[in-house]
Amino acid sequence: MHSDRVGVVDFPTLGDLHDAWIERHCRIPDGFKRRRPFVEYDRQFWVTANRGRIREDVVFDPEDPPLNQAFTYRRVEVIDGQKVGKGPWAACVAALMACGPDEFGGWAGRGDVYECEDHGCLCGWYYEYERGEPMGVRHPSPLVQCLATSEDQVANVWRPLTAMIHFGPLGKLLAPRSEFIRVRGGAEDPELDQIQKVTSSATARLGAPISGYVQDEHGIYTRSNGMVETADTMRRGAAGMGGRGVCTSNAWDPAEASSAQQAFEADAEDVFIFYRVPPADLLFSDRRQRRKLLEYVYDGVGHVNVDSIMAECDELIAKGEAAQAERFFGNRVVQGHGAWLPDGLWESAWAGHAVA
């Protein structure tokens, strides 16, 4: 399901619980606001709310929980501009999958509360449910994988995640090691209950019974670099265990038939894709129109200065790399040599699609 704007949360969701848990446990990893609570931007919360959206007719059986079948979407995908905060947000979700109330735990009655102390966290935080609100519980055997094309790429999620662990309450729940992060308070076997790295050069962990995954920059997962097959294998591993996933990317190059492009064009009902398509009438080559386009792309992203992005675009254009600037910063689907798709083709991809 495609969404090109932030909508109204008028459906049952674990999103409010997840948003509050993230703010309490996760920290801003960089800059002058480092160590402060991570507060989701509106667009991030919209994705969080849809990721946590619960089917209204789901029945909870504590002996046989529905896992991913409790949720409307088995995967969420975010297509957004460079440096809007996709990596740190995905790090928050990875932590939530590993040690937070990420699974559906039934419908709340009067007085029901999620207390961290009951789930292995001694930070003192609690969340009061409204009656009839879906409740969250921790996964009993979390195994979360973070996928990227290389070690440098996986650092987009791994580095902010480890910073969050060092800076806040996550340090009591997660323990970083060289190639994985151990989930504390779970199995005594250190090989179980982990967040793991997976790259194109280190795929030995593929096929594991994972409970969740994060796939970073899947707009550059192609068949030629082997990453489409790698990503598909990981998703199958999660599907077999009732797991769910998150994918993030910049806009893709349509000449490469990437994993992100395939997902967008498939438009599966149980995959939520958030992509704020920039206005088609704004020319990237015109500096005034480019500023308007960038202001649209980075609207509501408080840590990004559009003047700085404009300067970077100017330099890229001067070097003959306008397509790169337009794709990464303008968040537009542009071919590698700067040629747009044939007129009307991109717009037609949206015709008839439901928008939340």
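Which residue caps the N-terminal end of α8? In this predicted model, the cap is provided by N305, a side-chain oxygen of which lies 2.8 Å from the backbone nitrogen of D307. Helix α8 comprises 13 residues, 306–318. Beyond the helix follows G320, a residue with a positive phi near 80°.

The buried residues of α8 are V306, I309, M310, C313 and L316. Viewed down the helix axis, these buried residues fall within an arc of 125° and therefore line one face of α8. An α-helix has 3.6 residues a turn, so residues three or four places apart point the same way. The packing partners of the buried residues of α8 are α7 (287–297) and α9 (322–328).

Aromatic side chains were examined next. The count of aromatic pairs in the model comes to 11. One of these pairs joins W46 and F272 in an edge-to-face arrangement, with 6.3 Å from centre to centre and 75° between the planes. Because W46 belongs to helix α2 (residues 42–51) and F272 to strand β13 (residues 271–275), the pair ties together parts that are 226 residues apart in sequence. Both partners lie below the 20% limit for burial: W46 counts as buried at 1% relative accessibility, and F272 counts as buried at 0%.

A further pair is formed by Y114 and W125, whose ring centres are 6.2 Å apart; with the planes at 55°, the pair is tilted. Y114 lies in strand β4 (residues 113–115), whereas W125 lies in the loop between β4 and β5 (126–128), so this pair links parts that are 11 residues apart in sequence. Y114 is buried, with a relative accessible area of 3%, and W125 is likewise buried, with a value of 13%.

W46 and F272 also belong to an aromatic cluster, which they form together with F11 and Y73. Within this cluster, the ring of F11 has the charged end of R53 over it, 4.1 Å from the ring centre. An arginine is also placed over a ring at F284, where R290 lies over the face at 5.3 Å from the ring centre.

Definitions and conventions:
Residues numbered from 1 in each chain as written. Predicted model: local features only at pLDDT ≥ 70, side-chain atom pairs only at ≥ 80, totals over all residues. Heavy atoms only, no water. Helix = DSSP H or I, 4+ residues; strand = E, 2+ residues; numbered from the N terminus. Expected span 1.5 Å × (residues − 1). Buried < 20%, exposed > 50% of the residue type's maximum accessible area, 1.4 Å probe, protein only. Arc of directions from axis to C-beta. Contact = heavy atoms within 4.5 Å. Polar contact = N/O pair within 3.5 Å; in protein donor to acceptor, adjacent residues only side chain to side chain. Phe/Tyr/Trp six-rings, centres within 6.5 Å; stacked < 30°, edge-to-face > 60°. Lys NZ or Arg CZ within 6 Å of the ring centre and 35° of its normal.
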